[in-house]
Amino acid sequence: CARHNMYVADCTTPANFFHLMRRQMKTTFRKPLVVFSPKSLLRDPRCVSTVEELAKGSFQETIDDTTVNKKDVKTLVFCTGKFYYDIVAERENNGRKDVAVVRIEQLFPLPTEQLKAIIAQYPNADDYVWAQEEPKNMGAYSYMLMNFDLVKWRLASLKAYSAPAAGSYTRAKRRHADAIKMVFDKNLYR
């Protein structure tokens with residue numbers, strides 16, 4: 001990817017973050033690297049990697065869902081960052097076997113060929129969701145609309161707001177829960 005002028009990533013595992021940093025240092029050219037990584041993932045017990053993944057892995061621009069039967073999936077959810085863990089927890093709470101969650105670890109340059117290959121593996125999916133915890137007018141939703149039009153996106157996020165912060169902890173928790181509910185219920189779209 002020497003022709004692109006920077007990388008933008010949002011890693012969800014320690015191994016992927018390690019390999020992203022390693023890739024940055026091992027390339028023969030220098031370019032800016034922007035990484036979105038909240039501090040909360042540092043202490044999240046769900047955010048772990050094996051020694052094998054650290055020692056023998058490499059940076060993954062996308063991470064497909066390996067916990068579902070691909071033929072049973074009707075809803076294919078794409079997201080970035082820590083929101084992944086919240087969506088998966090809700091899926092487990094609801095016992096949903098028809099929802100797969102795909103992580104996009106590198107937003108720029110967007111790995112469109114990898115995304116096409118992932119989508120092709122889900123023959124019965126007919127609901128493609130972009131899920132983000134940011135309001136509709138923030139986050140990566142508009143970027144995905146402009147740069148990946150192979151599918152028609154259904155948005156699962158907060159409605160548009162002037163600021164990303166809710167101003168109150170209670171309101172923020174409610175909005176976050178509402179965005180997660182939208183992933184699993186098509187009728188809640190705003």
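Biologist: Happy to start with charges: with which residue does Lys70 form a salt bridge?

Modeller: This is a predicted model, and in it Lys70 is partly exposed, with a relative accessible area of 23%. The closest N and O atoms of the two are 2.8 Å apart, and the residue you are asking for is Asp64.

Biologist: Thanks! In the salt bridge of Asp98 and Arg96, what is the distance from N to O?

Modeller: Both partners are partly exposed: Asp98 has a relative accessible area of 22%, and Arg96 has 24%. Their side chains meet in a salt bridge with an N to O distance of 2.8 Å.

Biologist: Let's turn to the core. Which residues touch the most other members of the largest nonpolar core?

Modeller: This core has 24 residues. Elements that give two or more residues to it are β4 (75-79), β5 (99-104), α4 (112-120), β7 (127-135), α5 (141-147) and β8 (153-158). The residues that touch the most other members are Leu76, Phe78, Trp130 and Trp153.

Biologist: Leaving aside neighbours within four places in sequence, which residues is Leu76 in contact with?

Modeller: Leu76 is among the residues that touch the most other members of the largest nonpolar core. Its contacts, with those sequence neighbours left aside, are Ala100, Val102, Ile119, Tyr122, Ala125, Asp127, Tyr128 and Val129.

Biologist: How many residues are in the second, separate core?

Modeller: Its members include Cys47, Tyr84, Val129 and Tyr161. Tyr84 is buried, with a relative accessible area of 13%. The count for this second core is 21 residues.

Biologist: Now strand β5: is it largely enclosed or open, and why?

Modeller: On one side Val99, Val101 and Arg103 are buried, and on the other Ala100, Val102 and Ile104 are buried. Since six of the six residues of β5 are buried, the strand is largely enclosed by the rest of the structure.

Biologist: What is the bridge partner of Val77 in β5?

Modeller: β4 and β5 pair in the parallel sense, over five bridges. β3 (residues 62-63) is joined to β5 by two bridges and runs antiparallel to it, with Ile63 opposite Arg103. For Val77, the bridge partner in β5 is Val101.

Biologist: In the open sheet of three strands, which strands stand at the edges?

Modeller: The order is β2-β1-β6, with mixed pairing. β2 (33-35) and β6 (106-108) each have a single partner strand, so one side of each is left without a neighbour in the sheet. The edge strands are β2 and β6.

Biologist: And which helix packs on that sheet?

Modeller: Neighbouring strands there are turned by 25 degrees against each other on average, direction ignored. The helix touches β1, β2 and β6, and its direction makes about 170 degrees with that of β2. The helix in question is α1 (residues 14-26).

Biologist: Which residue in β6 stands opposite Ala9?

Modeller: Strand β1 (residues 7-9) and β6 pair in the antiparallel sense, over two bridges. Opposite Ala9 stands Gln106.

Biologist: Last one: what is the angle between the planes of Tyr84 and Tyr85?

Modeller: A search of the whole structure finds four aromatic pairs. Tyr85 counts as buried at 7% relative accessibility. Tyr84 and Tyr85 form an edge-to-face pair at 5.0 Å centre to centre, and the angle between their planes is 75 degrees.

Conventions: Residues numbered from 1 in each chain as written. Predicted model: local features only at pLDDT ≥ 70, side-chain atom pairs only at ≥ 80, totals over all residues. Heavy atoms only, no water. Core = buried A, V, L, I, M, F, W, Y, C linked by side-chain atoms within 4.5 Å. Buried < 20%, exposed > 50% of the residue type's maximum accessible area, 1.4 Å probe, protein only. Helix = DSSP H or I, 4+ residues; strand = E, 2+ residues; numbered from the N terminus. Contact = heavy atoms within 4.5 Å. Pairing = 2+ DSSP bridges. Axes fitted to C-alpha atoms, helices over the stretch in contact; angles between N-to-C directions. Salt bridge = Lys/Arg side-chain N within 4 Å of Asp/Glu carboxyl O. Phe/Tyr/Trp six-rings, centres within 6.5 Å; stacked < 30°, edge-to-face > 60°.
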